[in-house]
Amino acid sequence: MPYLSKIALNPRRRAAVALLSSPHRLHAAILSGLAVQPVTERVLWRLDSNTPHRAEILVLTNSRPSWAHLVDDAGWPGADGGAPLIADYTPLLDHLTRGREFGFRLTANPVQSIPRPDRPSEQQAARLKEGADNGSRPRGFRVAHRTAHQQLQWLLKRCERHGFTIPEATAAHPAPGLHTGHQNLSAGPAVTITSRDTLRFRKRADGPRITLSTATFEGRLRVTDPDALRASLLDGIGSAKGYGQGLLTLAPLRTEATHG
């Protein structure tokens, strides 16, 4: 049975500062909330807000977790609003029907695979040299999409395989006296990039630096394949899932009754 959790951290506490500064450390702390170790189930998470006063983490697990260690070390133990929320995710999954629309949020690592990067990193250069030395052809390299347009196109091209489409957003009606004939007004796909970031961190103090380009998408989607969308919700979208990327979350539209 899948569970969706929301955990509040106090960014003014030293342990929280250490966790929030490194997706690798935060991922390890999240895995510590599961009783069966080593963890073999898919765990998705997302840092939903990170302000000087409060940070909130969403976590999707297949087994019921315990977040007492995070609250005790980096949250507000015993305070009002400090307890984590853990909800059964099954009701949402059961309400996925073809044609239904939801609001959504997704933070992802939009990348593409290319034969050879223009400016290879240290690790990429080592792979290229190894291939040249032994005469083998290295597999494609993952390179981040840098611009907002590229990142948006990355999402739009992947919607169908993940069981949904993003419908057109209707533009506001023109001011009185302005006419557009019989042409429908459209503001393009009903999705926007609300934030973009570049994460830089190391797994070990002496290890190579990891760089991730991320984008947070918010908008409206329409279900086209409930089974495929259900799998995308549980398995995530894109790469770098261990570093807080790929968790797609849905919310009923305001015009609908709340489900679950």
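Biologist: Where is Ala-240 found, and is Ala-240 buried or exposed?

Modeller: This is a predicted model, where local features need pLDDT of at least 70, side-chain atom pairs count only at pLDDT 80 or more, and totals for chains, interfaces and linings use all residues. Residues are numbered from 1 along each chain as its sequence is written, and side-chain values use heavy atoms, with hydrogens and water left out. Ala-240 is found in the loop between helix H7 (226-235) and E11; helices (H or I, at least four residues) and strands (E, at least two) are DSSP runs, numbered from the N terminus.

Biologist: What is the phi of Ala-240 near?

Modeller: Ala-240 is a residue other than glycine.

Biologist: Which bond joins Gln-37 and Pro-38?

Modeller: Pro-38 has its place in the loop between helix H2 (23-31) and E2. Omega between Gln-37 and Pro-38 is about -5°. The bond is a cis peptide bond.

Biologist: Which residues of helix H6 are buried, and how do they lie around the axis?

Modeller: An α-helix has 3.6 residues a turn, so residues three or four places apart point the same way. H6 covers residues 148-158, and its buried residues are Gln-151, Trp-154 and Leu-155. Seen down the axis, they fall within an arc of 90° (taken from the directions from the helix axis to the C-beta atoms). They therefore line one face of H6.

Biologist: Which exposed residues does the face turned away carry?

Modeller: This is the face of H6 turned away from its buried side. The exposed residues there are His-149 and Lys-157.

Biologist: How many salt bridges does the structure hold?

Modeller: Side chains of opposite charge can pair when their charged atoms come close. A salt bridge here is a side-chain nitrogen of Lys or Arg within 4 Å of a carboxyl oxygen of Asp or Glu. By that rule, the structure holds eight.

Biologist: Which strands do Asp-48 and Arg-105 lie in?

Modeller: Their side chains meet in a salt bridge at 3.2 Å, N to O. The pair links distant parts of the chain, 57 residues apart. Asp-48 is in strand E2 (residues 44-50) and Arg-105 in strand E5 (residues 101-108).

Biologist: How far apart in sequence are the parts that Arg-222 and Glu-101 tie together?

Modeller: The side chains of Arg-222 and Glu-101 meet in a salt bridge at 2.5 Å, N to O. Arg-222 lies in strand E10 (residues 209-223) and Glu-101 in strand E5, so the parts tied together are 121 residues apart.

Biologist: Is Glu-101 buried or exposed?

Modeller: Arg-222, at 32% relative accessibility, counts as partly exposed. Glu-101 has 15% relative accessibility, so Glu-101 counts as buried.

Biologist: Which residues do salt bridges that share partners join into one network?

Modeller: The Asp-48 and Arg-105 side chains meet in a salt bridge. Shared partners build one network. Its members are Arg-46, Asp-48, Arg-105 and Glu-218.

Biologist: What separates the C-alpha atoms of Pro-252 and Gly-103?

Modeller: Pro-252 is found in strand E11 (residues 248-252). Pro-252 and Gly-103 are 149 residues apart along the chain. Their C-alpha atoms are separated by 6.1 Å.

Technical notes: Buried < 20%, exposed > 50% of the residue type's maximum accessible area, 1.4 Å probe, protein only.
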